[in-house]
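Please have the sequence and the model open as I talk.

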Amino acid sequence: IVDKSCELLFENFADEEFGVLEMCSHLRVSRRTLQYSFESIIGMSPSNYIRTVRLNIARKFLLLSPQDKIQVAALDAGFSHLGRFSKYYQDFFGELPSETVRRFHRASRH
């Protein structure tokens, strides 16, 4: 269940509407079954896993294309609410997306 969920997420990460309920529907499992599977295998809820994957994708976009706007990276990773994206990003990485871009620009100039 977890492997198939991960495959589905990687195919649909940019679609903000794709989440736990869509995974359950595609896999034909209950939300509880998905929850227990993720917690026992990965140690986190499916929704936290989805957010973690999307945050890591956004960070990769920021590092690979720092000239693009942060908004583009957030949208391409499946986040449409930019304020929420910045909060999640800061909580997860310990810095704002703009700080990641700034730090990367400084490092690439040296």
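Let me begin with a term: by contact I mean heavy atoms within 4.5 Å. What you see is a predicted model, in which local features need pLDDT of at least 70 and side-chain atom pairs count only at pLDDT 80 or more, while totals for chains, interfaces and linings use all residues. Residues are numbered from 1 along each chain as its sequence is written, and side-chain values use heavy atoms, with hydrogens and water left out.

The chain has 7 helices and 0 strands, where helices (H or I, at least four residues) and strands (E, at least two) are DSSP runs numbered from the N terminus. Of its 110 residues, 35% are buried, meaning under 20% relative accessible area with a 1.4 Å probe and protein chains only, whereas exposed means over 50%. Among contacts with a separation of 6 or more, 57% join residues 24 or more positions apart.

Now to α2, residues 20-27, where Val20, Met23 and Cys24 are buried. Seen down the helix axis, the buried residues of α2 fall within an arc of 100°, so they line one face; the arc is that of the directions from the axis to the C-beta atoms. In general, an α-helix has 3.6 residues a turn, so residues three or four places apart point the same way.

What covers that buried side? The cover includes α1 (2-12), α3 (31-41) and α4 (46-64). Leu21, Ser25 and His26, by contrast, are exposed on the face of α2 turned away from its buried side. Just after α2, finally, Arg28 adopts a positive phi of about 60°.
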